[in-house]
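Please look through the model shown below before reading the notes that go with it.

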Amino acid sequence: MQKKLSPYISLVAAILLAVGPWTFFPVCPVGEKVMKCYWAAKAIIPLAVILAVVSLLQIFSKEAEAFRKLALVGSVTALMPLSITSFLIGGCMKLDMSCNVKAFPAINVISLIAVAVQIWAIFYRPKNKA
């Protein structure tokens, strides 16, 4: 990866996590009853905003140590949507619902990509210059 490619990938992942469950890979529609997947998608939005802010701070960071610390925060933040969809809130009980078929797999993959990129940024950032 390039010198500062990882924060840009994380920024795109944050935007997809914030907007995706409402547009590209929607959760179950709200009907008579609000499903758990709706609340899970709502809970992911603040985490995506935090990941976007961390990514922007990484882009503008001058020191390598600050970049690594932000990458650590970013990796933990990027891991949270995965835990929300998997065991904290979860989704619908039926496996053929939209959240279980489209939304949660997409959220989990995007979250894992962001975690991998941030972990890469922790360990493989050049030490002498940012």
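The points below take up a pair of helices and then a salt bridge.

1. This is a predicted model, in which local features need pLDDT of at least 70 and side-chain atom pairs count only at pLDDT 80 or more, while totals for chains, interfaces and linings use all residues. Residues are numbered from 1 along each chain as its sequence is written, and side-chain values use heavy atoms, with hydrogens and water left out.

2. Helix α2 covers residues 36-60 and helix α3 residues 64-88, and their axes come within 9 Å and cross at roughly 165 degrees. Helices here are DSSP runs (H or I, at least four residues), numbered from the N terminus, and axes are lines fitted to C-alpha atoms over the stretch in contact, with angles from 0 to 180 degrees between N-to-C directions. The two helices, α2 and α3, are therefore roughly antiparallel to each other (an angle over 145 degrees).

3. Where α2 and α3 are in contact (heavy atoms within 4.5 Å), the residues of α2 include Ala40, Ile44, Leu47 and Leu51, and those of α3 include Phe67, Leu70, Gly74 and Ile84. By class, this contact of α2 with α3 has 16 nonpolar, four polar and no charged residues; Ala, Val, Leu, Ile, Met, Phe, Trp, Tyr, Cys and Pro count as nonpolar, Asp, Glu, Lys and Arg as charged, and the others, Gly among them, as polar.

4. The structure holds one salt bridge (a side-chain nitrogen of Lys or Arg within 4 Å of a carboxyl oxygen of Asp or Glu), and Glu65 and Arg68 form it, at 4.0 Å from N to O. Both Glu65 and Arg68 lie in helix α3, three residues apart, about one turn of the helix.

Terms used:
Parallel < 35°, antiparallel > 145°, perpendicular 65-115°, else oblique.
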